[in-house]
Amino acid sequence: MIVLVCLESPNPSRASCAALSLARGLGPAAQIIAVSAGGPTHGRWLDLARQSGAHRILHIGDAILGHPDFLTLGMLLAEAARYSGASLVLTGQSSDGEGQGLVPAALAHNLHAPIMSRIEAVEVSQETANAVVATTYADGRHVRFEVAMPVVLSVPPILWVLPGTDAATDASQQAVESLTLSQLGLDQSRVVPRPDLLGTRVPATVGKARPVSFDEAAAILLRPTLA
Amino acid sequence: MASIVAYMDVREGAITLPSRFVVAEARRVADAAGATVYALLPLGPVPQAQIEELAAAVSAAGADRVLCSSDELLAGPALDITHGALLAQVAERLHPRLILFPAGGVGVELGPPLAIRIGAAYVPRAAIDIREEERTPDPPSQRVLLQRWRAAGDVQRVVDVEDIEHAVVATLAAGAPRTTYGESFSEIEMLPCPEPKYGRPRELASVQDPNADVALCSFMILSALPASPALQAKLPPGTVVTVIGSSLDAAAEAACPHQLMTLSDGSRPGPSAVQSPWLAPGAERLRLDSAAPDPEGEMAGLAEALERLAASSKKVPA
């Protein structure tokens with residue numbers, strides 16, 4: 001089973017680290033391919049990919065890309081999944097930057113594959129070929145589903161740990177395979193940034209917590225509500 | 001603005017509090033900007049009487065019309081695989097300007113795939129601001145703005161619903177609706193449930209999370225200790241006490257409370273970005289300090305204050 005793990009370059013998010021950890025947990029049945037799109041070919045993402053024992057490391061770079069938006073990233077990562085023959089794609093649920101969580105959805109849309117979010121665990125199905133068993137947190141429950149592959153699973157930024165080194169695989173010098181748009185069969189005209197969908201940036205600072213007395217706190221808590 | 005769709009999250013047979021808040025917010029926008037509020041009620045196979053009961057609650061919260069789909073496929077957790085086609089069907093039919101999801105995790109699962117599918121903007125952990133714009137000599141117009149923090153916490157993003165050519169999908173913070181906006185009567189339209197595009201996932205097992213209420217809270221109290229029984233008994237609906245840990249659990253990660261209060265005697269550090277949930281713009285941050293060295297001191301003090309206030313106002317919290 002080929003598992004594609006998507007990492008932001010140069011610094012992967014906590015959620016992406018969690019995705020990489022889940023991929024490693026799949027064991028020897030999984031051939032992990034780490035991929036990043038845009039950004040530099042080096043950085044912490046590469047270190048983590050190597051430490052995790054990835055069988056291949058891909059980087060999609062092209063002069064036209066610059067800082068690709070979520071739609072472009074989704075398209076590029078979907079093409080990387082096709083290129084690498086991945087049947088399972090693991091991504092972080094949202095980045096530590098913009099944090100909308102749209103890249104996994106755009107990836108799944110372009111790959112024509114289903115998506116499940118808030119994944120807590122994943123394992124290879126022992127009962128059904130070409131399927132995985134994924135545990136998701138939904139409706140206040142931890143639910144185990146068997147889903148057919150190909151599938152995109154996105155992982156929240158909880159229980160994230162830095163992947164340890166795989167002693168069985170000396171991947172510390174694993175080379176990075178650089179891919180261009182044309183190698184992925186993509187035309188430059190398909191890269192259309194959509195900054196309007198992000199909204200306007202407005203400077204703001206997170207306010208400090210306001211000190212309150214017991215009585216003030218009680219009064220705030222007891223404001224009448226519909227419930 | 002022609003229409004607004006508010007997604008209703010139903011758990012254990014009841015509309016969640018964040019869902020009622022979403023309808024109330026949709027009503028507020030509709031009253032200001034002129035729109036019809038549709039509440040979308042996805043349900044498993046349930047009796048007609050229960051559908052009518054739920055629709056009445058949604059209607060009282062502010063919906064003009066209730067769209068309901070009742071099918072075995074929708075009986076399980078809300079997943080894009082099972083619920084996505086229904087949402088796309090509604091979006092295709094109504095072409096709403098706004099599609100709102102409640103806090104609690106359902107927006108994370110359903111919002112981004114829907115936004116990508118229909119080419120909409122997506123605003124997670126959003127707050128809605130309505131601003132009047134002078135247009136003399138014409139009457140003033142109302143601008144509907146959806147605001148969110150970037151995850152990095154450095155700046156906010158603002159989407160003006162009228163400026164953007166596309167629909168806007170948003171997940172709102174969990175506020176507490178403070179009034180009823182409508183009558184408990186509304187027209188119910190039953191919708192067919194489309195077959196999922198990628199087949200049905202097979203549910204193997206399910207375990208209830210004892211902390212599930214945390215994901216739905218509108219008022220989160222962060223404490224070094226679990227809630228004392230005295231405090232727990234006096235907390236109003238939508239309020240939870242969460243223990244400050246080294247990281248968030250699944251329920252806390254899904255939470256987006258409108259108010260966050262830290263109980264602290266000053267000897268402990270406050271919650272860091274990892275320990276506290278993201279908040280929407282406008283969320284209230286409070287800190288309750290106590291001189292008492294005993295960490296249970298704040299809980300006892302808060303419990304006493306709640307009891308005193310409830311008794312004096314004759315309003316006993318539910």
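1. A nonpolar core is here a set of buried Ala, Val, Leu, Ile, Met, Phe, Trp, Tyr and Cys residues that are joined through C-beta atoms within 7 Å. In this predicted model, the largest such core has 176 residues, and those with the most contacts inside it are Val5(A), Ile4(B), Ala6(B), Ala39(B), Val58(B), Leu100(B) and Val168(B). The largest share of this core, nine residues, is supplied by helix H3 (residues 70–84) of chain A, while domain 1 (3–190) and domain 2 (212–313) of chain B each contribute at least three residues to it.

2. Val5(A) deserves a look in the viewer: leaving aside residues up to four places away in sequence, Val5(A) touches Ala19(A), Leu20(A), Ala23(A), Ile32(A), Ala34(A) and Leu90(A).

3. Helix H2 (residues 44–51) of chain A has Trp45(A), Leu46(A), Leu48(A), Ala49(A) and Arg50(A) as buried residues. The buried residues of H2(A) pack against helix H1 (14–25) and against strands S2 (31–37), S3 (56–60) and S10 (176–179) of chain A, and just after H2(A) comes Gly53(A), which takes a positive phi of about 75°.

4. Turning to the interface, 75 residues of chain B are in contact with 62 residues of chain A; the side of chain B that touches chain A is made up of 43 nonpolar, 15 polar and 17 charged residues.

Note on methods. Residues are numbered from 1 along each chain as its sequence is written. Chains are lettered from A and ligands numbered from 1 in the order in which they are written. This is a predicted model: local features need pLDDT of at least 70, side-chain atom pairs count only at pLDDT 80 or more; totals for chains, interfaces and linings use all residues. A residue is buried if 20 or more other C-beta atoms lie within 10 Å of its own, exposed if 12 or fewer, and partly exposed in between; C-beta atoms are placed from the backbone. Helices (H or I, at least four residues) and strands (E, at least two) are DSSP runs, numbered from the N terminus. Domain bounds come from an automatic or database domain assignment. Two residues are in contact if their C-beta atoms, placed from the backbone, lie within 7 Å. Ala, Val, Leu, Ile, Met, Phe, Trp, Tyr, Cys and Pro count as nonpolar, Asp, Glu, Lys and Arg as charged, and the others, Gly among them, as polar.
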